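Here is my note on the model, as numbered points. Please keep the structure open while you read.

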Amino acid sequence: MQGPLSLSVGGLCTALLPQVSPRTAGGLREVLRRLDTPLQLAVAGRIKAGKSTLVNALIGRRVAPTDVGECTRLVTRFQYGTVDRIEVVMRDGGRNTIPFAADGGIPADLGIPLEQVSHLEAYLTSALLSDVTVIDTPGLGSMDSASVSRTEALLGAARSEDTPDPEADPDTGPGDLDQVSEFAVAGAEAVVYVFTQSIRADDTKVLAAFTAATASRDAGPVNALAVLNKADTVQPDSVDGSGGDIWHAAELLAASQAAVLRPRVADVLPMNGLLAETAETGAFTAADAEALRALAGVDPALFGAMMMAADLFTSLEAPVDSPARVRLLQLLDLYGINAAVQILRAEPAVSAGELRRRLLASSGLGEFRRRLGEVFRLRADGIKASAALASLGALAAATGDPHERQRIHDGIEMLLQRPEAHQLRLLEALTLVSGGAVAMDPELTAEILRLGGSTRPDEQLGLPGRAAAELQAAALERAGWWRSFASFGATPGQSRVAHVVHRAYFLLWQELKGQVPPGPPGLASR
Ligand SMILES: Nc1nc2c(ncn2[C@@H]2O[C@H](COP(=O)(O)OP(=O)(O)OP(=O)(O)O)[C@@H](O)[C@H]2O)c(=O)[nH]1
Ligand SMILES: [Mg+2]
């Protein structure tokens, strides 16, 4: 189901179709097709950052190959399907359905030469995928340049050699706008950027290219969330104020990275992806809990020594056999093992199920899901619409016909004048505020979130189910309040946001009075 903004942009594309060259029309049809799909969310980052592990945790199933195997070098799209199946999409467009591996995941190797493979499509009955398609990508910065270019193309960072762009900005180099079109074909609309320890220069470069490719000038930059993964490997001594606590150190590190990356990303969240995957996918069994229970009974000094390194953990004398210990390491790593043993020491009677829940709660997955909902789900319509507008802008730039270019630009301009397109500006304001780029009182932030997070006036106003007259009065009152907040007692950033919020309430008031018919369609009727 398309939201009102997507419908508006779709209406614009449809209206433009008969007025443009066949090449541009092809691009418009691609934009239309993409508007009709769930939000395309890519999980990207450096090699072995834990992307696939996080994808598994997110969809609640160990299906993306982690660690080794050639399939970690392919883009895999996880989307909703009524029957679980994996399709290999070939470069020549052909598709082969392949069986799942014995463990229920994508096989580590395909038995097809990788050069012939474009990407994988996994269709899963997971409810989570009904409104978002999750795209697992090969690591950037790997030795394997082919998989890097696959990911870069997806993220809009690749250069298209054969179609140089005459209007290229010398600072960003040629082909930037072709990146956008390339992105439009292959690409993602939102990204979760996974990194460990700290962001490096090439990480920021890719993020910048991605936001440039997807965020249209009027739609706001933030369609990215970053994850500081492997939080369990952060050295607490390296972070001031951590008090020796690993998770707290990771939180502080994430917060300092967020300050650097905003507003390019909405937030940076600490995560123990391995723990999340193990606890969320059913990999953690009663036997694992019993092995941990036995370890909880080990002399604390000996256990302390076992926690110093993986080889000590597997080799020191303890009442758990070696294969079980190796398995625990794979499932939880030392940090998770230690966390579980602490829980079991404090409360020996904790059941296996409860232990799994506690580990999950300490993994960071819950907060990540919540932020995904806030940053992406609630705004999916706006994100999709702005990505589509960015693609339209790219099509305009790519055409050789100045009249055609003008027609597209005029269409975009007119669309942005429409009351419902104001939602795009509101989403941008929301992003600035929720990402901390503009400081705002928590109640005001919550109010903007509510206003931008729904398209139902009663929900937007926080007055569910109330009568129209009351809603009208509330919209007018809030419009007035935000207008004076914009003029008095606000920082320049707050003032900009306040103007946008004021106008959003004003438009809502008009809509409630019936002056403006709510919702789409696009410009076709004009
Ligand atoms: N300690 C720890 N290990 C993790 C965590 N997340 C993932 N790993 C491990 O890191 C290794 C790489 O994980 P993957 O999920 O395959 O990483 P990836 O980013 O998908 O790797 P490529 O696709 O090959 O670039 C695996 O052995 C995971 O078990 C974590 O939070 N903590
Ligand atoms: Mg991977």
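1. Start with Leu 461, which counts as buried at 8% relative accessibility. Buried means under 20% relative accessible area, exposed over 50%, and partly exposed in between, with a 1.4 Å probe and protein chains only. Leu 461 sits in the loop between α19 (457-460) and α20 (468-487). Helices (H or I, at least four residues) and strands (E, at least two) are DSSP runs, numbered from the N terminus.

2. What is Leu 461 in contact with, leaving aside its neighbours within four places in sequence? The partners are Arg 450, Leu 471, Ala 474, Ala 475, Tyr 505, Leu 508 and Leu 512. Contact means heavy atoms within 4.5 Å. Ile 448 is 13 residues from Leu 461 along the chain, and their C-alpha atoms are separated by 9.8 Å.

3. A word on ground rules. This is a predicted model, in which local features need pLDDT of at least 70 and side-chain atom pairs count only at pLDDT 80 or more, while totals for chains, interfaces and linings use all residues. Residues are numbered from 1 along each chain as its sequence is written, chains are lettered from A and ligands numbered from 1 in the order in which they are written, and side-chain values use heavy atoms, with hydrogens and water left out.

4. Now the whole chain. The chain has 21 helices and 9 strands. Of its 526 residues, 53% are buried. Take the contacts between residues at least 6 apart in sequence: 73% of these join residues at least 24 apart.

5. Next, Ser 495. This residue belongs to helix α21 (residues 492-513). Is Ser 495 buried or exposed? Ser 495 is buried, with a relative accessible area of 15%. Leaving aside neighbours within four places in sequence, Ser 495 is in contact with Ala 486 and Ala 490.

6. Turn to the salt bridges. A salt bridge is a side-chain nitrogen of Lys or Arg within 4 Å of a carboxyl oxygen of Asp or Glu. The count by this rule is 22. One of them joins Arg 478 to Glu 477, with the closest N and O atoms 3.6 Å apart. Arg 478 is buried, at 17% relative accessibility. Glu 477 is partly exposed, at 45%. Elsewhere, salt bridges that share partners join Arg 77, Arg 85, Glu 87, Arg 95 and Glu 121 into one network.

7. Look inside that network. The side chains of Glu 87 and Arg 95 form a salt bridge at 2.5 Å, N to O. Glu 87 is buried, with a relative accessible area of 10%, whereas Arg 95 is partly exposed, at 44%. Arg 95 also forms a salt bridge with Glu 121, where the closest N and O atoms are 3.9 Å apart. This pair links distant parts of the chain: Glu 121 is in strand β5 (residues 117-124) and Arg 95 is in strand β4 (residues 95-98), 26 residues apart. Glu 121 counts as buried, at 6% relative accessibility.

8. Check one helix pair. The axes of helix α12 (residues 322-346) and helix α13 (residues 352-361) come within 10 Å and cross at roughly 125°. Therefore α12 is oblique to α13. Axes are lines fitted to C-alpha atoms, for helices over the stretch in contact, and angles run from 0 to 180 degrees between N-to-C directions. Angles under 35 degrees count as roughly parallel, over 145 as roughly antiparallel, 65 to 115 as roughly perpendicular, and the rest as oblique.

9. Which residues of the two helices meet? From α12 come Leu 332, Gly 336, Ala 339, Ala 340, Ile 343 and Leu 344. From α13 come Leu 355, Arg 358 and Leu 359. By class, this contact has 7 nonpolar, 1 polar and 1 charged residues. Here Ala, Val, Leu, Ile, Met, Phe, Trp, Tyr, Cys and Pro count as nonpolar, Asp, Glu, Lys and Arg as charged, and the others, Gly among them, as polar.

10. Finally, two backbone angles. Most residues other than glycine have a negative phi. Lys 230 has a positive phi, near 55°. Lys 230 lies in the loop between β8 (224-229) and α7 (246-261) and is partly exposed, at 33%. Asp 333 also has a positive phi, near 60°. Asp 333 is in helix α12 and is partly exposed, with a relative accessible area of 29%.
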